[in-house]
Amino acid sequence: MSERLREKLNILADAAKYDVSCSSSGGNRKNDNKGLGDSHASGICHTYTEDGRCVSLLKILLTNHCIFDCAYCVSRKSNDITRAAFTVEEVVELTMNFYRRNYIEGLFLSSGIFKNADFTMERLLRVVKKLRLEERFNGYIHLKTIPGASEELIREAGMYADRMSINLEMPTESGLKLLAPEKTHQQVTQPLGFIKNQIVQFKEERKIIKSTPKFVSAGQSTQMVIGATPETDKEIMQTAALFYKDFSLKRVYYSGYIPISYDNRLPMIGSQPPLIRENRLYQTDWLMRFYGFHVNELLNDANPHLDIDIDPKLSWALRNLQHFPVDINVAAYKVILRIPGIGVTSAKKIVQARKFGKLRIDQLKKIGVAYNRAKYFIKCADSPYQLKDYQGSQIKSFIQAESQSKYLKYDTSQLILF
Amino acid sequence: MYNYVFDGSFEGLLCAVFNWFERKPGQVKLQTEATFQPDAFMPCLQIVNEREKADRVWRGLQSKLSKASLRKFYCTYLSELEEGYTALFEFACYLFAEGPAIENNYGNPYVLALSKIAKKVEREKHRMEAFIRFQHNADGIFYCGIDPDFNVLPLILTLFKNRYADQQWIIYDLKRDYGLFYDLSKVEEINIDFKQQPKTTGIANPIVSAKENLYALLWKDYFKSTNIQARKNTKLHVQHVPKRYWKYLTEKQFEQDQPEF
C-alpha cells in the first residue's frame with residue numbers, strides 16, 4: 001500500500017514540477033473553526049530544492065493521463081511514460097499529514113485532462129471540497145482551472161480555492177498553434193475573464209452583505225514557457241503586461257523551457273535551459289509591478305531583447321542618461337526608484353531619512369544602496385565634483401569591471417537561435 | 001563616562017533609560033552583568049530593576065512610537081546582542097530627547113542599527129516558521145526541538161497557535177532551555193529535563209508514532225522528485241537553506257540516521 005503511494009507521489013510530483021508557481025501569499029483564510037491551518041499573509045517557503053526553487057506547496061498532479069498532445073509537455077499523450085492517478089482520499093491524506101508536520105503551506109493541485117474537461121474539474125473540486133468541509137483545512141489551496149470546464153464547476157471551485165491559475169503556455173498565439181494545435185489563447189482568456197468578473201462581483205457583494213463567502217481571495221496567475229518558440233522578450237513582456245492589465249493577475253510566471261522531447265520543433269534534449277533570460281524577464285516583471293516602469297520603456301522596437309550582461313534597470317538608465325544625475329536629497333520617490341542600485345526598501349528609507357538633514361555617501365551606503373552602481377546616477381550632499389560626462393558604454397564598463405556578477409562568465413551575448 | 005550595568009532583562013533595559021534621564025550622566029556605556037568587565041578608569045552603576053519605572057518608560061515608548069517601530073524595538077531586544085542593547089538604550093534616549101519624529105531618521109546610527117538588527121531577528125523568526133519540522137510522537141504530541149540564533153519563540157507563538165489549533169504540539173528551544181506547549185486550548189511555557197526522562201509526562205518521548213516514518217519518507221521522496229536536475233544551482237540552494245539549519249530538516253536527513261530531536 002505505502003509502496004504504491006510512494007511510486008504515485010514520485011510520478012505525479014515529477015510531472016507537476018514544471019509548473020513554477022510557488023507562491024502561498026495573499027490568502028486570508030483564518031482558522032476560525034478550530035481546524036487545521038491559517039493562511040499567512042506573506043506566505044512561507046518551507047524549503048528549497050537543489051535547483052534553488054522554493055517549496056511551499058505540495059505540488060502534484062491528480063493524474064498524468066492526458067488526452068492532449070502538446071509538444072512542450074511531459075505528460076503529452078504520445079509520450080511513453082508511466083501513468084498514475086491519485087484517489088481523492090490519497091491527496092487529502094498527504095496534504096493533511098504534510099501540513100501537520102509543518103512541511104508545507106498547502107496544496108497545489110493540477111491535473112492532466114482525462115475523459116473531458118468537466119470530468120477532470122469535477123475531480124479536482126471533490127478534493128478541495130473534502131479538504132475544506134470534512135477535514136476543516138484552512139491552509140492555502142492553489143487550483144488549476146481546467147480550460148473548457150463549465151462555469152458552474154469553476155465557480156464552485158473558486159469558493160474553496162485561494163488561488164486559481166490557468167497557463168497561457170506560449171506567449172503568442174502563433175507559438176501555441178505550432179506546438180499545441182488543439183489549443184488556443186481564447187480557451188485561456190475565457191475562464192480568466194470569468195473568474196476575474198466573479199472576484200469583482202463577490203467583492204461588491206461583500207460590501208453589502210458581510211457574510212458573503214470568499215472567492216479566490218489570492219487572485220489568479222498564469223505561466224508562459226520561455227525559449228521553446230522564437231518569441232522576442234518584447235512580445236513576452238507585452239503579453240504579460242496586457243494580462244496584468246486585462247485580468248488583474250497577481251503574477252505571471254516565466255518558465256525557461258527544459259528540453260524533454262526529441263520533437264524537431266523544440267530545442268534538443270541536453271541544451272541548456274535559458275536561465276539568465278528567465279532571470280532578466282522576472283527582473284523586468286518586477287520593474288513593471290513595483291518600480292513604475294511601463295513595458296515600452298524597457299522593451300521597444302529599438303530594443304526587442306533584454307541585455308543578458310546587465311540588468312534591465314541599468315540598461316534603461318544607460319539608454320536614458322538625460323534623466324541623470326538625480327539629486328537624492330530633493331528628487332521624488334518615483335524618480336529615486338528608477339536609479340540603478342537603489343531598491344524599494346532603500347528608496348523608502350532615503351525619503352524618510354532626508355527629512356532630518358542632507359544625506360551623505362556614507363549614510364547611503366549604510367542604508368543599503370549599492371553605491372558603486374548608483375554613484376554614476378546620483379548626487380548627494382558630498383558627491384565629488386565631476387567635470388567629465390561619461391558615455392553610457394563607459395559607465396557600463398566601469399560597473400561591469402567592479403561587479404562580481406554571477407553572469408560575467410557568460411559575457412558573450414547569446415547568438416540568435418531561430 | 002559611566003558604565004551602566006543591567007541584568008539583561010527588558011525591565012532592566014527600560015530602567016537604565018529612566019536612570020539616564022534621572023541622573024543625566026552624559027555619555028554612558030551599557031553592559032550586561034554576564035559580560036561586564038570592571039574598568040579602573042570608569043565609574044560603574046548597577047541598574048536596579050523597578051517595575052514602576054520600567055512601566056513608565058514602556059508607556060512612553062508606546063505613546064511615541066508607531067506599531068512597526070515598537071515591534072522593531074521588541075525584536076531588537078530578543079536578539080540578545082550586546083550592540084542591540086546599546087542601540088536600544090541610545091535609541092530610547094534619543095527618542096525621549098528629540099520627540100517621536102526621529103523614529104525614521106535612518107541617518108542616525110542607532111535608528112539604523114535598530115532597524116537592521118530587528119530585520120535579522122525577523123528573518124530568523126521567519127526561518128523558524130519555515131524550517132520547524134514536527135515529529136509525531138507515540139503520545140500524540142507533535143514535537144520539534146530548535147536552537148535559533150535569537151530568542152524567537154515569543155514571536156512565532158501566535159502563528160503556530162493559530163495554525164495548529166487542532167493538534168497538541170511542543171516547540172523547544174534547546175539553546176535557551178525552554179519551550180512552548182500547546183494543549184488544544186492555550187500555549188504554556190515549559191521546561192523539560194532531558195537527563196531525567198520523567199516517565200509520567202511522556203514529553204519528548206523518542207518513540208515516534210506508527211505513521212511518522214512513512215510520512216517522513218514520503219516527504220523526502222517528494223523533495224527529490226520535485227527537483228529539476230537540469231537547473232541544478234547548489235549555490236542558490238545553500239543561500240536559501242543555510243547549512244546550519246539542515247539538522248532541522250526532515251528532507252535533509254539521510255535514511256539511516258533519524259533526527260535527534
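This is a predicted model: local features need pLDDT of at least 70, side-chain atom pairs count only at pLDDT 80 or more; totals for chains, interfaces and linings use all residues.
**Entry 1: domains.** I began with the division of chain A, which gives domain 1 (2-293) and domain 2 (312-410). I then took the C-alpha centres of domain 1 of chain A and domain 2 of chain A, and they lie 38 Å apart. For the contact I noted 10 residues from domain 1 of chain A and 10 residues from domain 2 of chain A.

**Entry 2: buried area.** I looked up the area that domain 1 of chain A and domain 2 of chain A bury between them and found about 900 Å², with 72% of it on carbon and sulfur atoms. On the domain 1 side, I listed Ile276(A), Tyr291(A) and Phe293(A) as the residues that lose the most area to domain 2 of chain A; together they make up 59% of what that side buries.

**Entry 3: polar terms.** Between the two domains of chain A I recorded zero salt bridges. I recorded one residue pair in polar contact between them, both residues at pLDDT 80 or more. I sorted the residues on the side of domain 1 of chain A that touches domain 2 of chain A, and they comprise five nonpolar, four polar and one charged.

**Entry 4: aromatic pairs.** I noted a count of 37 aromatic pairs over all chains. I located both Phe243(A) and Phe247(A) in helix H7 (residues 233-247) of chain A, four residues apart, which is about one turn of the helix.

Key:
Residues are numbered from 1 along each chain as its sequence is written. Chains are lettered from A and ligands numbered from 1 in the order in which they are written. Side-chain values use heavy atoms; hydrogens and water are left out. Domain bounds come from an automatic or database domain assignment. Contact means heavy atoms within 4.5 Å. Buried area is the accessible area (1.4 Å probe) that two parts lose on being put together, summed over both. A salt bridge is a side-chain nitrogen of Lys or Arg within 4 Å of a carboxyl oxygen of Asp or Glu. A polar contact is a pair of N or O atoms within 3.5 Å; within protein, one must be able to donate a hydrogen and the other to accept it, and residues adjacent in sequence count only if both atoms are side-chain atoms. Ala, Val, Leu, Ile, Met, Phe, Trp, Tyr, Cys and Pro count as nonpolar, Asp, Glu, Lys and Arg as charged, and the others, Gly among them, as polar. Rings of Phe, Tyr and Trp (its six-membered ring) pair if their centres lie within 6.5 Å; planes under 30 degrees apart count as stacked, over 60 as edge-to-face and the rest as tilted. Helices (H or I, at least four residues) and strands (E, at least two) are DSSP runs, numbered from the N terminus.
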